[in-house]
Amino acid sequence: MESAEAKAQRNFDLSLTVNGKAWSGQVPVEETLLEFIRNRLRLTGTKRSCESEVCGACTVLVDEQPVSSCSYLAFEAHGKSVLTIEGLAQGEKLDPLQEAFIRNVGAQCGYCTPGQIMAAKALLRQNPAPTREEIAEWLSGNICRCGAYPAIAASILEAAQELEEKGR
Amino acid sequence: MPGALRLLQPTTPSEASAALRELGERAKIYAGGTELLFLLRQGLAQGDFLVNVKTIPELHRVLWNGNALRIGACVTHHELETNPLIRQYAPMFARAESQVANIRVRNQGTLGGNLCFNDPHSDPGTALLVYEASVMIGGRSGQRHLPLDQFLLDMYTTALGEDELLLEVQIPPLPPGWNSAYLRLHRYQRPTLGVAAAIKEKNGNIEDVRAAVGCVGPKVQRLAELESRLRGAKLDEAGKIIGEAKGYLRELLCPVDDLLGSADYKLYMTGVLLRQAVEKALSGDNKNRDEHGIG
């Protein structure tokens, strides 16, 4: 039988979609999804910050579920669909969440904002009409050190309402 | 990024075990990666090979066999908080799982990874001790079955041998007529104190009770002596009995100062949350999230 050492792969043949576009190629096993997105695809909206899954700045959706891309190995996304902040707008038209964050100034420095919006996107997919309390609970893992929380919550409530009205 | 890594993707426990045996310390079992990647990046753990146990299909099962839940080691926290079987047969455990860290960690992290890492600042083990859960371990010499408290030996230390892996966690439900509660204090998304209690009331007395405390010291503990003092007591005496148990709790729990709180604070709050958990279990109102959060 082949030894484990001989069998172990140094690189992984990865195929996935990012913001609807297919990508295939080899990545080193240790490459994180964050590195893959930022360095390989040059999509720099997703931010690196705490690298310990606490702050949420690196949040992206993998098959619609939020993950910390800093601590998620790229090979794990094989066969899956990744959504980053760059994938939310439809052409020139921003996502209702993005519009609501702009209207409410749901940011100060803006560094955490892509992660906040991606976490909110996942929330609204699971729960289209969240209460303020549910928003606070879901986003408890997305830290805003400027303290823009009230405006962030207001933005998400507004976007949810807008989506609901559109859906009617 | 951690240093260069090589990947093994076994499809059976024995294949994983053979890889661990061959590679020894150079290999790390990889499940959710939430703790491991952090440690590798910080240089707190070293490894050249990841043995990805998520490619073993049987480790993803959640089954009810008529007597117990059988949960594969690679089931994620998010699956545990939402799975209907878990919510039906171990609702207090499901509620504890819903409080683990944040939604991203719950999506990535696994029950097996959590128990095998055995960080004292953790929720699942405390709830599981009250259910008298056990674990199935597999390795070169076959499988063995251990009560959870004999698996979680000390902080960051388990009973796993070098070529062994955790296969599944077995959770018998609480007997009929019992109610339960899980309460916690947390900072920075990690608990600094977790209290689980289950209780059976009869005619205004505590007929039977189980309690466990985690995070306070190096090891999650069942409170056997306090349980026996509470057994048979009147319901309204429970708070007093818990209040008088401070010396016992200090000796058993070995509370330590850490960034999340002083030993004295944690010990004081252990008494507070134990009283609240008993009250909450007795009230039968288990629907709310049982959380006290700071920061």
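This is a predicted model: local features need pLDDT of at least 70, side-chain atom pairs count only at pLDDT 80 or more; totals for chains, interfaces and linings use all residues.
1. A:Leu61 has A:Leu83, in strand β5(A), as its bridge partner. The strands involved are β3(A) and β5(A), the latter covering residues 81-83; they run antiparallel and are joined by two bridges. If strand pairing is new to you, keep this in mind: strands of a sheet pair through backbone hydrogen bonds, either parallel or antiparallel.

2. Now step back to the sheet around that pair. Five strands of chain A make an open sheet in the order β2-β1-β5-β3-β4, and the pairing is mixed. Which strands stand at the edges? They are β2 and β4 of chain A; each has a single partner strand, so one side of each is left without a neighbour in the sheet. On average, and ignoring direction, neighbouring strands here are turned by 40° against each other.

3. A helix also belongs in this picture. Helix α4 of chain A, residues 113-126, packs on the sheet and touches β3 and β4 of chain A. The direction of α4(A) makes about 35° with that of β3(A).

4. Another helix to look at is α2(A), which spans residues 33-40. Which of its residues are buried? They are A:Leu33, A:Leu34, A:Phe36 and A:Ile37. These buried residues pack against three strands of chain A: β1 (11-18), β2 (21-28) and β3 (59-62). Just after α2(A) comes A:Arg42, with a positive phi of about 60°.

5. Reading from the N terminus, the elements follow the pattern α-β-β-α-β-β-β-α-α-α-α. Along the principal axes, the C-alpha atoms fill a box of roughly 60 × 35 × 25 Å. Chain A has 168 residues, and 44% of them count as buried. Consider the contacts in chain A between residues at least 6 apart in sequence: 62% of these join residues at least 24 apart.

6. How is chain A divided into domains? The assignment gives domain 1 (8-87) and domain 2 (96-167). The centres of these two domains of chain A, taken over C-alpha atoms, are separated by 22 Å. Where the domains meet, 15 residues of domain 1 of chain A are in contact with 13 residues of domain 2 of chain A. On the domain 1 side, the elements giving two or more residues are β3 and β4 (65-68) of chain A. The largest share of that side, three residues, comes from β3(A). Sorted by type, the residues on the domain 1 side are eight nonpolar, five polar and two charged.

7. How many residues lie between β6(B) and β7(B) in their hairpin? There are two. One pair to find is B:Ile137 with its bridge partner B:Arg144 in β7(B). Strand β6(B) is also joined to β10(B), residues 165-171, by five bridges, again antiparallel. In that pairing, B:Gly138 stands opposite B:Leu165 of β10(B).

Technical notes: Residues are numbered from 1 along each chain as its sequence is written. Chains are lettered from A and ligands numbered from 1 in the order in which they are written. Two strands pair if DSSP finds at least two bridges between them. Helices (H or I, at least four residues) and strands (E, at least two) are DSSP runs, numbered from the N terminus. A residue is buried if 20 or more other C-beta atoms lie within 10 Å of its own, exposed if 12 or fewer, and partly exposed in between; C-beta atoms are placed from the backbone. Two residues are in contact if their C-beta atoms, placed from the backbone, lie within 7 Å. Domain bounds come from an automatic or database domain assignment. Ala, Val, Leu, Ile, Met, Phe, Trp, Tyr, Cys and Pro count as nonpolar, Asp, Glu, Lys and Arg as charged, and the others, Gly among them, as polar. Axes are lines fitted to C-alpha atoms, for helices over the stretch in contact, and angles run from 0 to 180 degrees between N-to-C directions.
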